[in-house]
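Q: I am new to this structure and would like a close look at a single part of it. Please keep the account plain.

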Amino acid sequence: MNVNRDGIPSNMEKLRNALLSDSLSLEEAEEIQNRCREIIFKQKMEFISLKNIRKIVGVDLSYKKRGNIEYGVSCASLWNLASNKLEFSTFAFGEVKFPYEPGFLGFRESKLISEAVNKLQVKPDLIMCDGHGIIHPKRLGEAVQLGFALNIPSIGIAKNPFIGFSQWKQLERKKGNKNPIFDIKPNDENVKKPNLLGYSLCLNDGMKPIFISKGYKITLDLAVKVALETTKNHRLPEPLFLADRLSREKLNII
């Protein structure tokens, strides 16, 4: 792969398109992950700040089988951070070709999700993804993959744990409470210092925590702040709650 002096591939557009493909083999997808990871770690990244976040898009995808073929409806719900209200939602429908494999959810969902995002009338400042960010064996969860592919800052917010160590089951279910998620269990016998991957975070009193991590071009602290600010009465932030609900409603009428 040809690269410039900063280590960025000259055919970046080709790589971004590959991240949105659902027609790769598992081996090809893993190779694309490895290339993407090398680039992200070499990039001098400029992180988004709160003052530059006005429009947040929550994205999700719902599935349906017809015979032996699996279909999906993706939803992109555009949220106005200033007014804390939904502006509008867009959808994309199509066949889901990539099989379910742990660690490769981005290749299964990003194509249809990106199609819904591209239908928005304005480019969002931030993507809120129903999936993990750097809480991933290669630090390349769906939120990182989608954010990098579309070149939009992103947050990963998952409903279930994946990798890492966290005492999330002991977390008091009160809004704002959080426990760290480390790559390894912290103890005095560690040869290396544990790395912080994200948090198990309660977004509402009495509700199960979510698992939040940074995706692309955002800090973990800002990801937590945005998630708390956009949560109303549900376990998930409103943009994600609506994307999930609306994608399922759309699927039922197709």
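Q: How many residues lie between S1 and S2 in their hairpin, and which residue in the turn has a positive phi?

A: The model is a predicted one. Between S1 and S2 there are 2 residues, and the two strands form a hairpin. The turn includes Gly67, whose phi is positive, at about 65 degrees. Strand S1 covers residues 55-66 and pairs with S2 in the antiparallel sense, over 12 bridges. Within this pairing, Lys65 stands opposite Glu70 in S2.

Strand S2 itself spans residues 69-80. Because 11 of its 12 residues are buried, S2 is largely enclosed by the rest of the structure. Buried here means under 20% relative accessible area.

S2 is also joined to S3, by 10 bridges, and these two strands run antiparallel.

Phe93 has a relative accessibility of 37%, so it counts as partly exposed; the partly exposed class lies between the buried limit of 20% and the exposed limit of 50%. Together with Ile253 and Ile254, Phe93 makes a nonpolar surface patch of about 290 Å². As a general point, side chains in a regular strand alternate between the two faces of the sheet.

Notes: Residues are numbered from 1 along each chain as its sequence is written. This is a predicted model: local features need pLDDT of at least 70, side-chain atom pairs count only at pLDDT 80 or more; totals for chains, interfaces and linings use all residues. Side-chain values use heavy atoms; hydrogens and water are left out. Patches are made of residues with over 30% relative accessible area and no salt bridge: like charges are joined within 9 Å, nonpolar side chains (Val, Leu, Ile, Met, Phe, Trp, Tyr) within 5 Å. Accessible areas come from the Shrake-Rupley method with a 1.4 Å probe; for residues, only the protein chains shown count as cover. A salt bridge is a side-chain nitrogen of Lys or Arg within 4 Å of a carboxyl oxygen of Asp or Glu. Buried means under 20% relative accessible area, exposed over 50%, partly exposed in between (1.4 Å probe, protein chains only). Helices (H or I, at least four residues) and strands (E, at least two) are DSSP runs, numbered from the N terminus. Two strands pair if DSSP finds at least two bridges between them.
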